[in-house]
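Please read it alongside the sequence and the model.

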Amino acid sequence: MFFKASRTYSRDIWLTVAMTIAMAIAFGAYVKSEKQIDRANDMRQISFVLSDQLRQSSDELTRMARAYVVTGDTRYKQYYQDILAIRDGRKPQPHEYTHVYWDLVLADGQAGQAGSSQAIALLEQMRQAGFSAEELDKLAAAKANSDSLSSIELEAMRLAEGVGPGVPAKRAKALQLMHDADYHRAKAAIMRPINQSFELMDRRTAEQVRDAESTATRFRIVFILFVLAALFMLWRTYTNLRAILGAPAEEVHSHIRKIGRGDLSGEIHVAPNMAESVLAGLADMQARLKVIRRESQQAETALRTGAERLNEAQRLARIGSWELNLVSGQLIWSDEIFRLFEIDPDRFGATYEAFLNAVHPEDRDAVNQAYTDSLANREPYQITHRLLLADGRIKWVQERGESDFDATGKPFRSVGTVQDITAQKLADAELRIAATVFDSQEGMMVTDAQRVILRVNRAFTEITGYAAEEVVGRTPRMLQSGRHDQSFYRAMWETIQRTGFWQGEVWDRRKNGEVYPKWLAISSVKGEDGVVTHYVGTHFDITERKLAEEKINDLAFYDQLTNLPNRTLLLDRLKQTMVSSARSSSYGALLFIDLDNFKTINDTQGHDIGDLLLKQVAQRLKSCVREGDTVARLGGDEFVVVLAGLSVDQEAAATDIEYVAEKIIDTLNRSYYLGNLAHYSTASIGVTLFKGDGTSVDDLMKQADLAMYKSKEAGRNTVRFFDPKMESAVKERVSLEEDLRQAIEQKQFLLHYQAQVAGGRLSGAEVLVRWQHPQRGVVSPANFIPLAEETGLILALGRWVLETACRQLAVWTRQPEMAELTVAVNVSAHQFRQPDFVDQVLAVLNSTGANPQRLKLELTESLLVHNVEDIIEKMFALKAKGVGFALDDFGTGYSSLSYLKRLPLDQLKIDQSFVRDVLSDPNDAAIARTVVALAQSLGLGVIAEGVETELQRDFLASSGCHAYQGYFFSRPLPIEDFEMFARQA
């Protein structure tokens, strides 16, 4: 019965497959017939569109001729000729050629590009589209009548041409030609055959649609019949399959899954007539597996007991065992090896390579070589090596191993042991360290409890000049120099007896009689009973250190490179000069001198050449001042000069100082010869006067430093005197910075919106940040934006501006009159260079719900100075999400066309500095036209900012710029006023 059911099931399967193939063929034929209906409808639509183009072109010709006769505008005549040329196939049809095309052309002033490179006559298009001969005759008659009407229109346009006193009469006659009864009859003669062709096309295409629908209905019936037959075959196949399985498929599948999981519980019940079924086979398999499981559990219990005993023995001996299967590559470790290696068994890869990874990197080659040589020589091996544990600790192990070989001499298994010998290694190391320490560079001496010398090291003999045999058996008193009395030694030994240790500086005598200083440390060694058994003395010759200390004391107040006073000595002398100035009522002066561009010579020629320059500058500075004045080096390329004992009159003192400063500048400007290099250098000098009037040293240094930076700002190589206004400006800047930080925390900012107009309509707005300070009032962006850039606060401020602008965009999307507006947000270079800038922008868009296609980020050219590749990558990432980009202040900064063509920009922004004088300055006018031409060539939009007059707007429009921003349209407005302006616009 089982085999009969199997044969029947196999036959039904093949019949079902054949039925499915036939059903697929029938379905394909049905789908093809349905597509015939679509093609018939498409042909119907194409026919009506082409016929309508003949009517449309006739209407456009009439409208263009009448407009030309009335206005005299030559554009209408040109468009008339273009329409004729397109219809007759002498000119390609424009892109998106529809009934509103010429209205758009008249509005924009520019015709669109051709839709294809091939021109084709309208009648030829109809012939290719499959029009019947009768339909073509009707349309050809309409075309001929339209051409006849064109002769009347051309005649009327010729009458309207020219200038002079007779033109009005001619135009009146031309208008009469365009509106009399003959003209209207000719117009009607065009429409009649077109309407007749419409009726013919309607009948033809309707018949084609009916035929296609009839064919589709027949194939649909055939497909349904095949589906019913396939369902019957599937039912028969299911019946035979159940006979083969012996039970429902769900029950069989459940038993298979249960056995697959290792669950052998329960019984599988097989019907009497299903002894040959799949279910019966599963029942037999289950019974056999139960027997195998019982036998396996008994074997596992015996193995587990043996393994536990082996692991316990290995743990006590601290020796682990391993086995490597050279055929499968599997490595088996005992539990003791895992404990020794401190590796989690669940994380171990169980391969030879994983074992090598646990070995110290410096020992891996030796371990691998020992094992390889063992395989090659068929000999056991033994090696001591280190393990590198996960936490960085090191263990020492001794490894033994040997291998088994088959009859052909090929190794198939390796076994071995690993023993932890870290404690032994550490003990050996301690012994070696002790021996090494005793033979170190420090002299060492060991005595017994009675202070009799037992042993000295090599360093002791080198320091004292005594050989070991000359001092062993004697006491350390033989080394005394006589510089210390008995009370000194008595106090030293009292301290040793009390604390067990003493150290200090001692003068001793060498064998040759030389007295020298040494650092002596004496420790007592006690036995287990606490009684002193030995003394250990450590001697260190400090002669060189003494000399070095003297040298250090000599150099503590001088710069080592230039030998000038350093900062410490400078401040001391400055204080003395200030005291002297207060006592004598005479002025003193502090000159802060900084070399210009000193970093360049260090970077290009090296620090050695830079040091040569600093030495020569120091010598020249000393030659420019009096003996009682001070020249000091603060560090780097900064020098300070203190002038003392100047005049009691401020103006006279200032004159003397100016003379000295100019002398310094003149001297430092002369050529320097640095090896084979001729070098020219300048300096910037800041000067402050003092008269012991209570000003602190730190304040004087700050004042001179401020004056020096003013000298830098003035172009370098000059002198500037400290002005109290400098200090107040710095304090004002610090105060403004603190207020700016609080303003960001307290959200004292608000956004104004300045309209952007394109094509005569409002297209969007640029957001401009304003600071409403509680005490200062409205702070100009020109004052706080540069400060925010310098201090890095622009990051937080820029993030707030972006979030606020995007939140407003999201609000506008719910207002139909505002939904199409874009918002332009300025982004600083500091913001854009943030590694996560793209994520920041996308996070803001996501949190606010703003449409990224309505957001435009305005970048300045300064952003392109550094790391352009990173900028391009970030721009493309945001561009992919729909965010637009405009290049702000174009032409005022760094303009690289090679980078510009790679940037995914949407718009260039003409800077207002060019727009302001575009009517009076030919250069600005040329720049504006060039920017427009460049944008058009790159396929970019262009917008001009700072448009304040109608004449400026008209000039830009004539140059091809049709997008504007400026006071002519609107000032920057608060959000409420801007929304009112937008609704009125």
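This is a predicted model: local features need pLDDT of at least 70, side-chain atom pairs count only at pLDDT 80 or more; totals for chains, interfaces and linings use all residues.

A polar contact is a pair of N or O atoms within 3.5 Å; within protein, one atom must be able to donate a hydrogen and the other to accept it, and residues adjacent in sequence count only if both atoms are side-chain atoms.

## Basis of the model

Residues are numbered from 1 along each chain as its sequence is written, and side-chain values use heavy atoms, with hydrogens and water left out.

## Overall make-up

The chain holds 33 helices and 26 strands, where helices (H or I, at least four residues) and strands (E, at least two) are DSSP runs numbered from the N terminus. Of its 985 residues, 39% count as buried; buried means under 20% relative accessible area, exposed over 50%, and partly exposed in between (1.4 Å probe, protein chains only). Among contacts (heavy atoms within 4.5 Å) between residues at least 6 apart in sequence, 61% join residues at least 24 apart.

## Two aspartates with threonine partners

Aspartate 420 belongs to strand 5, which covers residues 411–420, and is buried at a relative accessible area of 15%. Its side chain is joined to that of threonine 422 by a polar contact of 2.7 Å. Leaving aside residues up to four places away in sequence, aspartate 420 touches Arg318, Leu340, Lys395, Trp396 and Val397.

Aspartate 406 is placed in the loop between strand 4 (394–405) and strand 5, and counts as partly exposed at 32% relative accessibility. A polar contact of 2.7 Å joins the side chain of aspartate 406 to that of threonine 408.

Most residues other than glycine have a negative phi, and most peptide bonds are trans. Glutamate 342 has a positive phi, near 55 degrees, and is not a glycine; this glutamate lies in the loop between helix 10 and helix 11 and is partly exposed, at 40% relative accessibility.

Arginine 716, also not a glycine, has a positive phi of about 70 degrees. Arginine 716 is found in the loop between helix 22 (697–713) and strand 17 (719–721), and its relative accessible area of 38% makes it partly exposed.

## Nonpolar cores

A nonpolar core is a set of buried Ala, Val, Leu, Ile, Met, Phe, Trp, Tyr and Cys residues joined through side-chain atoms within 4.5 Å. The largest such core has 80 residues, of which Leu857 and Phe978 touch the most other members. Helix 25 (residues 794–812) contributes the most to this core, with nine residues.

Not counting residues up to four places away in sequence, leucine 857 touches Leu802, Val825, Val827, Phe837, Leu878, Val883, Gly884, Phe885 and Ala886. A second, separate core of 34 residues includes Ala589, Leu591, Ile593 and Leu674.

## Pockets

On a 1 Å grid over the protein atoms alone, a cavity is a set of points where a 1.4 Å probe fits but cannot get out, and a pocket is an open set with protein on both sides within 12 Å along at least five of seven lines; lining residues have an atom within 4 Å of a point. Grid points are joined across faces, edges and corners, and a volume is the space filled by probe spheres set on the points.

The largest pocket has about 850 Å³ of space, and of its 32 lining residues Glu766, Val767, Leu768, Asn826 and Asp888 are the closest to its centre. Strand 19 gives the most to this lining, with five residues. By class, the lining divides into 12 nonpolar, 11 polar and nine charged residues, where Ala, Val, Leu, Ile, Met, Phe, Trp, Tyr, Cys and Pro count as nonpolar, Asp, Glu, Lys and Arg as charged, and the others, Gly among them, as polar. The second largest pocket has about 400 Å³ of space, and is lined by 21 residues, with Pro476, Arg477, Met492, Trp493 and Ile522 nearest its centre.
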